[in-house]
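Open your viewer, colour by chain, and get ready to select a few things in turn.

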Amino acid sequence: MTAWLVTGAVMVWLVVCAVYDIRTRSVPNILTIPPFALAGLWAVWQGGITLWLFGLVFVVMFFSFWKGGTGGADGKVLATMAVFMPAGFLLAVVLRLLVGAGVWLRHGRTARFPAVPVFAAGAFLSIPVQIISGG
Amino acid sequence: MFEKIKLFLLSREANDMGEYAVVGALILLVALAGFQALGINILGKIMQVASGI
């Protein structure tokens with residue numbers, strides 16, 4: 001029951017962030033920093049694999065940000081998803097790969113797209129997967 | 001380095017470049033597959049943790 005409450009809260013948060021991203025190509029820090037900090041604290045408290053995954057996503061997204069290839073808000077949203085909605089995170093990464101490839105092929109390598117709606121779509125798609133798998 | 005981390009944490013930008021999205025997603029998927037290949041069911045274990053919140 002609690003897991004579904006967390007999933008619902010993450011979904012509402014993702015939808016709000018996605019709307020901001022579509023409209024302004026940015027997400028306010030008030031929507032990204034607190035969940036990211038909470039996810040980081042939870043990952044540190046849990047330790048082990050949760051911390052490894054959070055760290056992995058943070059490092060990959062940070063270096064992508066460093067090179068100018070991704071936004072900071074995208075990195076914080078994806079790292080938060082990795083901790084609180086891992087199935088959604090996995091589908092979000094797969095969708096990011098597909099959408100990124102499509103944008104790259106159609107509009108060139110430097111073309112950009114709003115990524116948070118893609119993450120939200122991955123999270124939505126993960127819900128039937130979780131129901132089917134009994135998670 | 002710390003300045004860059006601070007910039008990352010405070011960045012509101014939410015645009016992905018197609019090229020970086022593909023490479024970043026591939027790195028994450030390969031890393032996850034690597035964990036699975038090493039016998040660490042990373043996603044399964046994290047789903048257990050998530051359902052235990």
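This tour follows the contact between two chains.

Before you click, note that this is a predicted model, in which local features need pLDDT of at least 70 and side-chain atom pairs count only at pLDDT 80 or more, while totals for chains, interfaces and linings use all residues. Residues are numbered from 1 along each chain as its sequence is written, and chains are lettered from A and ligands numbered from 1 in the order in which they are written.

**Stop 1: the whole contact.** Select the 52 residues of chain A and the 34 residues of chain B that make the contact (two residues touch if their C-beta atoms, placed from the backbone, lie within 7 Å). On chain A's side there are 31 nonpolar, 14 polar and 7 charged residues (nonpolar means Ala, Val, Leu, Ile, Met, Phe, Trp, Tyr, Cys and Pro; charged means Asp, Glu, Lys and Arg; the others, Gly among them, are polar).

**Stop 2: the strands.** Next, select β1(A) and β1 of chain B, residues 15–17, which pair in the antiparallel sense over 3 bridges (strands are DSSP runs of E, at least two residues; pairing needs at least two DSSP bridges). Look for A:P114, whose bridge partner in β1(B) is B:N15.

**Stop 3: the helices.** Now pick α5(A) and α2 of chain B, residues 18–37: their axes come within 7 Å and cross at roughly 150° (helices are DSSP runs of H or I, at least four residues; axes are lines fitted to C-alpha atoms over the stretch in contact, with angles from 0 to 180 degrees between N-to-C directions). α5(A) and α2(B) are therefore roughly antiparallel (over 145 degrees). Among the residues that meet here are A:W104 in α5(A) and B:L29 in α2(B).

How values were computed: Parallel < 35°, antiparallel > 145°, perpendicular 65-115°, else oblique.
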